[in-house]
Amino acid sequence: MGKDVEEFENKLSSFFERPVACVVNGTAALHLSLEAIGVSFGDEVIVPSLTYIGSFQSISASRAKPVPCVVDSETLTIDLNSAEKLLTPNTKAIMPVHYSGGVGALDEVYLFAKKYNLRVIEDAAHAFGTSYKNNRIGSVGDISCFSFDGIKNITSGEGGCIVTGDIEIINKVRDARLLGVEKDTQKRYSGERSWNFKVSSQGYRYHMSNIMASIGIVQLEKFHELSKKRQSLAKYYDKLLREINYIKRINHNYDQVVPHIYTIRIQGTNKRDSIRESLLKKGIETGVHYFPNHHLDFYKNTAKKPLPITDRIYSELITLPLHPDLKEAEIDFIVHELIEEINK
Ligand SMILES: *Cc1c(COP(=O)(O)O)cnc(C)c1O
């Protein structure tokens with residue numbers, strides 16, 4: 001970690017108009033954010049069950065308890081009415097997940113957090129470049145965490161970052177990502193090593209390498225083009241899938257949302273799995289985002305009560321191919337085959 005990481009951070013800082021700390025991946029970004037706000041043993045963090053396992057693992061890594069919540073069935077983002085029922089005196093933070101790139105009613109998340117004195121750590125791994133009410137995600141709010149994994153809106157091969165206006169958090173993260181070695185970030189940016197150093201808190205080897213940063217810098221330069229492609233492909237899917245029986249789309253405004261995935265729900269058929277199998281045989285690989293975390297062995301005791309809405313939504317989800325090299329003709333094919341399978 002040295003000059004390239006500094007340059008990538010500076011460029012991201014201009015992009016978000018806020019301080020940024022780069023780390024080894026998005027899960028590490030969440031973990032360090034949680035520890036930086038003081039989340040620890042005995043604390044609870046409310047998070048949608050319908051998310052990537054990284055969100056949950058980051059919370060349990062900080063020794064707190066992830067409290068799985070239901071999502072709103074239109075946006076698939078956290079449902080605050082349900083979240084309210086999960087509050088206890090131990091609730092320290094809420095982690096909204098910007099599912100597929102959309103953020104739901106993010107203003108309400110902040111009102112909720114203010115009302116109950118909670119910190120907000122946005123899992124914005126899907127939402128790099130998305131705007132909400134004309135503000136870029138990360139440029140406002142408490143703490144936003146992004147991932148630069150190979151399939152995300154931009155990539156550094158592997159990587160992630162924390163964006164916040166809270167400079168104390170950024171400083172804590174800057175030490176914690178380098179094994180807790182105080183002020184090691186500044187030394188590395190000026191090409192020095194730390195031989196005499198202070199460590200006064202738990203740290204991790206979570207820094208970003210120059211190799212990753214240099215990939216990230218080039219990706220950021222291409223972001224405008226990459227995001228336009230993602231948005232126009234998602235709009236094209238929307239156009240073809242608008243009034244198809246059994247299919248429910250997520251209603252995003254793709255002038256504001258930069259989609260990481262294009263997910264639909266197949267309702268009233270119970271055929272999701274067989275549809276996926278048939279599509280795969282035709283060369284169309286699909287995904288399921290996500291298996292609800294509260295059904296995983298490690299988290300099976302975290303749900304305070306059953307989450308039937310989440311279970312039903314899960315059984316309907318199919319993620320269709322979406323990446324910047326996809327062609328409209330390929331989407332025509334995907335949609336044609338999908339509709340044929342649904343109607344079988
Ligand atoms: C990708 C992702 C993460 C974690 O990012 P990594 O860089 O893979 O560690 C966290 N949350 C969600 C919702 C993600 O999609």
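Reader: Is Ser55 buried or exposed?
Author: In this predicted model, local features need pLDDT of at least 70 and side-chain atom pairs count only at pLDDT 80 or more, while totals for chains, interfaces and linings use all residues. Residues are numbered from 1 along each chain as its sequence is written, and side-chain values use heavy atoms, with hydrogens and water left out. A residue is called buried under 20% relative accessible area, exposed over 50%, and partly exposed in between, using a 1.4 Å probe and protein chains only. Ser55 has 1% relative accessibility, so Ser55 counts as buried.

Reader: Which helix does Ser55 lie in?
Author: Helices (H or I, at least four residues) and strands (E, at least two) are DSSP runs, numbered from the N terminus. The chain has 12 helices and 12 strands. Residues 53-61 form the one that holds Ser55, namely helix 3.

Reader: Which residue's side chain makes a polar contact of 2.8 Å with the side chain of Ser55?
Author: Residues are in contact when their heavy atoms come within 4.5 Å. Leaving aside residues up to four places away in sequence, Ser55 touches Leu30, Val47, Met95, Val97 and Asp123. A polar contact is a pair of N or O atoms within 3.5 Å; within protein, one must be able to donate a hydrogen and the other to accept it, and residues adjacent in sequence count only if both atoms are side-chain atoms. At 2.8 Å, the partner of the Ser55 side chain is Asp123.

Reader: What is the omega of the cis peptide bond that joins His289 and Tyr290?
Author: Tyr290 belongs to the loop between helix 10 (272-281) and helix 11 (308-316), and Tyr290 is one of the residues that Thr51 touches. Most peptide bonds are trans. The bond between His289 and Tyr290 is cis, with an omega of about 10 degrees.

Reader: Ser100 is not a glycine, so what is its phi?
Author: Most residues other than glycine have a negative phi. Ser100 lies in the loop between strand 4 (91-94) and helix 5 (106-115), and Ser100 is buried with a relative accessible area of 1%. Its phi is positive, about 65 degrees.

Reader: And is Asn117 buried or exposed?
Author: Asn117 also has a positive phi, about 55 degrees, without being a glycine. Its place is in the loop between helix 5 and strand 5 (119-123). With a relative accessible area of 69%, Asn117 is exposed.

Reader: How many of the 11 residues of helix 2 are buried?
Author: At the start of helix 2, a side-chain oxygen of Asn25 reaches to within 3.2 Å of the backbone nitrogen of Thr27. After the helix comes Gly38, with a positive phi near 90 degrees. The buried residues of helix 2 include Leu30, His31 and Leu34. Helix 2 is mostly covered, and the count of buried residues is 9.

Reader: Which lysines does Asp43 touch?
Author: Asp43 is found in the loop between helix 2 (26-36) and strand 2 (44-48). At 12% relative accessibility, Asp43 counts as buried. Not counting residues up to four places away in sequence, Asp43 touches Gly38, Ala64 and Asn90, along with Lys65 and Lys92.

Reader: What separates the C-alpha atoms of Leu106 and Tyr132?
Author: Leu106 is part of helix 5 and is buried, with a relative accessible area of 5%. Its contacts beyond four places in sequence are His98, Glu122, Tyr132 and Ile137. Leu106 and Tyr132 are 26 residues apart along the chain, and their C-alpha atoms are separated by 7.9 Å.

Reader: Stepping back, what radius of gyration does the chain have?
Author: The C-alpha atoms fill a box of roughly 70 × 45 × 35 Å along the principal axes, and 56% of the 344 residues count as buried. The radius of gyration is taken over C-alpha atoms, and the globule rule is 2.2 Å times the number of residues to the power 0.38. For 344 residues a compact globule would come out near 20 Å, which agrees with the value for the chain, 20 Å.
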